[in-house]
Amino acid sequence: LGWSHIDLRDETPGPANPTGRTSFQQVVLPARLRAALERLNPGLPTDALSQAEEVLTRDRSAMLPLNANREVMQLLTDGVAVQVRNDKGGFDDLQVRVIDWRDVSANDLVVASQVWIEGVLHKRRPDTIGYVNGLPLLLAEWKAPGKALAEAYDKNLRDYRDTIPRLFDANGFVILSNGVDAVMGASHAPYDVFAPWKRLEEGGPESVGLEIMLRATCEPARFLDLIENFLLFDEARGGLRKVVGKYHQVLGVNRAIEAVRRVQDNQGRLGVFWHTQGSGKSLSMVMF
């Protein structure tokens, strides 16, 4: 789908490590992160890029997991604000880009197998981590065909949240699959809100299988669209929660946006209004 692949089962941390990791406690791939920051921010001083790297990778273990995740996701979408001393003795305010949301090909997407991650007390090896510019935005956990998907949640994802919590600071969403069925959701959401991705396009055939899930959520342009536009941090009763858009919401919103663009291209006018349906809201559009 456009991701490169590396197998890190036998990775050896240290100065000669191609990933740049000098310790299994590092959840990012430092060499890829630094290269991306340099590529996406030509002309910015080295100090600005170093500050951005420090902000992105700082220890957030004292924060609640979702608060840490929200902070990092905001840095990804808005960029990292830094201050660099100028020749006049003052400071310049600069913005360091982390991801190029418009030109997907400008980013470095790599899927890594069997990545060792070390927490305070335990060491774990998740099946698959998807890195964008060195940051672990995707986690996928695989079970053998015939195994219940709930096992991937109960025996693996729950354990990772306890033993290697820093893996989820930059996580966008999680995929769980047994090779036949597949569901996706937010890392700290209850299992019952994890859901399949049933259609690649509106009106297309339905499937709860793994192929549709991967093509619909991990094709690079679709993946970055989900990360940028379809993650919601909501201050709800009981505290902060994270919501990942479901397939019908993503397809519907993108279809509505495309309709707006077509009308604008034709110099038409568009009326938009909200109406309440059940306990939620849906967007209706009237073109005239």
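The structure is a predicted model, in which local features need pLDDT of at least 70, side-chain atom pairs count only at pLDDT 80 or more, and totals for chains, interfaces and linings use all residues. Residues are numbered from 1 along each chain as its sequence is written, and side-chain values use heavy atoms, with hydrogens and water left out.

Helices (H or I, at least four residues) and strands (E, at least two) are DSSP runs, numbered from the N terminus. Helix α4 comprises residues 149-163 and reaches 21 Å between its first and last C-alpha, close to the 21 Å expected, where the expected span is 1.5 Å times one less than the number of residues. Its buried residues (under 20% relative accessible area, with exposed over 50% and partly exposed in between; 1.4 Å probe, protein chains only) include Leu149, Tyr153, Asn156 and Tyr160.

For helix α3 (residues 65-78), the end C-alpha atoms lie 20 Å apart, which agrees with the 20 Å that its 14 residues should span. Among the buried residues of α3 are Leu66, Val72 and Leu76, and the helix is followed by Gly79, whose phi is positive, near 90 degrees.

Strands β2 (residues 80-85) and β3 (residues 91-96) pair in the antiparallel sense over six bridges, pairing requiring at least two bridges found by DSSP. Arg85 has Phe91 in β3 as its bridge partner, and the turn of this hairpin contains Gly89, with a positive phi of about 90 degrees.
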